[in-house]
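Today I opened the model to look up one of its pockets and a few of its strand pairings. Here are my notes, in the order I took them.

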Amino acid sequence: MDDGARHVWLPYAQMKTAAPPLPVARTHGSRIELADGRSLVDGVASWWTACHGYNHPAIAAAVRRQLDAMPHVMFGGLTHEPAARLAQRLCALLGGGLERVFYTDSGSVAVEVAMKMAVQYWLNRGERRRTRFLAFRGGYHGDTLGTMAVCDPEEGMHSLFHGLLAEHVIAPLPRDAGSLAQLERLLENHAHELAGILVEPLVQGAGGMLMHGPEVLRRLRALVDRHGLLLIYDEIFTGFGRTGTLFAFEQAGAAPDIVTLSKALTGGTLPLAATVANRRVFDGFWSDDPGHALMHGPTFMGNALACAAANASLDLFEQEPRLAQVQALSLALEAGLASCAHLPWVRDVRVLGAIGVVELDGAFDKEALRARLVEAGVWVRPFGNIVYLTPAFTIDADDLAFLLDAVVRVVRGMGDLARRAP
């Protein structure tokens, strides 16, 4: 593996100085087995995707059956039962009038498609000025050129591209009367040029695991209705149970016009994403004019293997007590991380659903912290000043106890890392 690894360009890493990646031999449950024989409890479910744990036999069996029948066909002019069935099921689960599914293969592209849909919805209606979006500080929506432009421009990772990216309106979330009034003023000035508002429901994930209440979504729904805009929810991170309900927006009772899904959609087995629109949006494309069609089509959209995995994952949500497991996991995270709140280098400890966060007070040596966590037997990948846990919903009691004990011990002992941070 060493000879091949030197040709690989790693994500989010300065290749000259970053620690080499850990070679993995196999996975099972909530465990990552390294090639050198060490076993790590995965505390982040491979970027939040493996909600049922690794190697779930039901998903593996569904993929094997589909592989024997048909791994993939182009979705331009063809279709297949796994994609059709998955679309029907997603629309039934989402409710709120969401009824048309456009498949892609990554979360960033799903958001790009949502933005493209929203802009073309207005173009098809003859309104050519509505090409910008309102998004929020602390937000993260992906790493492609379009999605970088709607991430937080100051706290995010994309400031290097300032000047290249499209300029959108970035506002604080309307958490209170002051921020709501500020948002209302921005909309009074910019609503005429906006295609819509884009937000992560309940948790701004990669922007810092920043949490907000469901009333924020209700305020946004009222504002887009008042100004005639489209409301887009980015549920790439929050969808499929992570916040305690199958979809985070359910807790607000405020449906979007477009929602994006990915990550846990296939239970962490294969790349698949979906952009789901309501009838209002879809009707904006329903026309005899070929120019009104949505001209987008990823090569592997609607991949049959991925759709089979996603259908099997939805079966597990129906057949096994996933949301009850999330509730139990939430209580365990609250109890297990509580002692970190009193440490002088910890700013905040917060939990929502199966998300546990220890926010550190200032910078720290992230590479050293990651190494200590691995040494303690857990795979946790802090970012910014955030140490977070998003384990599989199915993590067993022993592994969960081991994970929480290891993280708390490492955080308690990291005062030196906080002091000598670069």
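I started with the second largest pocket and asked what supplies its lining: the largest share, five residues, comes from strand 4. I keep in mind that this is a predicted model. Strand 4 covers 98-104, and at least two lining residues each come from it, from helix 4 (81-94) and from helix 9 (279-283).

Next I looked up the whole lining and found 23 residues. Nearest the centre of the pocket I noted Arg100, Val101, Phe102, Phe282 and Leu294. I then sorted the lining by class and got 16 nonpolar, four polar and three charged residues. For the space inside the second largest pocket, I wrote down about 580 Å³.

Then I turned to the strands. I saw that strand 2 (residues 31-34) and strand 3 (residues 39-42) run antiparallel, joined by three bridges. Which residue of strand 3 is the bridge partner of glutamate 33? I found serine 39 there.

I found two bridges joining strand 3 to strand 15 (residues 378-379), and here the strands run parallel. What stands opposite valine 41 in strand 15? I looked it up and found valine 378. So much for today's friendly tour of the strands.

Methods: Residues are numbered from 1 along each chain as its sequence is written. This is a predicted model: local features need pLDDT of at least 70, side-chain atom pairs count only at pLDDT 80 or more; totals for chains, interfaces and linings use all residues. Side-chain values use heavy atoms; hydrogens and water are left out. On a 1 Å grid over the protein atoms alone, a cavity is a set of points where a 1.4 Å probe fits but cannot get out, and a pocket is an open set with protein on both sides within 12 Å along at least five of seven lines; lining residues have an atom within 4 Å of a point. Grid points are joined across faces, edges and corners, and a volume is the space filled by probe spheres set on the points. Helices (H or I, at least four residues) and strands (E, at least two) are DSSP runs, numbered from the N terminus. Ala, Val, Leu, Ile, Met, Phe, Trp, Tyr, Cys and Pro count as nonpolar, Asp, Glu, Lys and Arg as charged, and the others, Gly among them, as polar. Two strands pair if DSSP finds at least two bridges between them.
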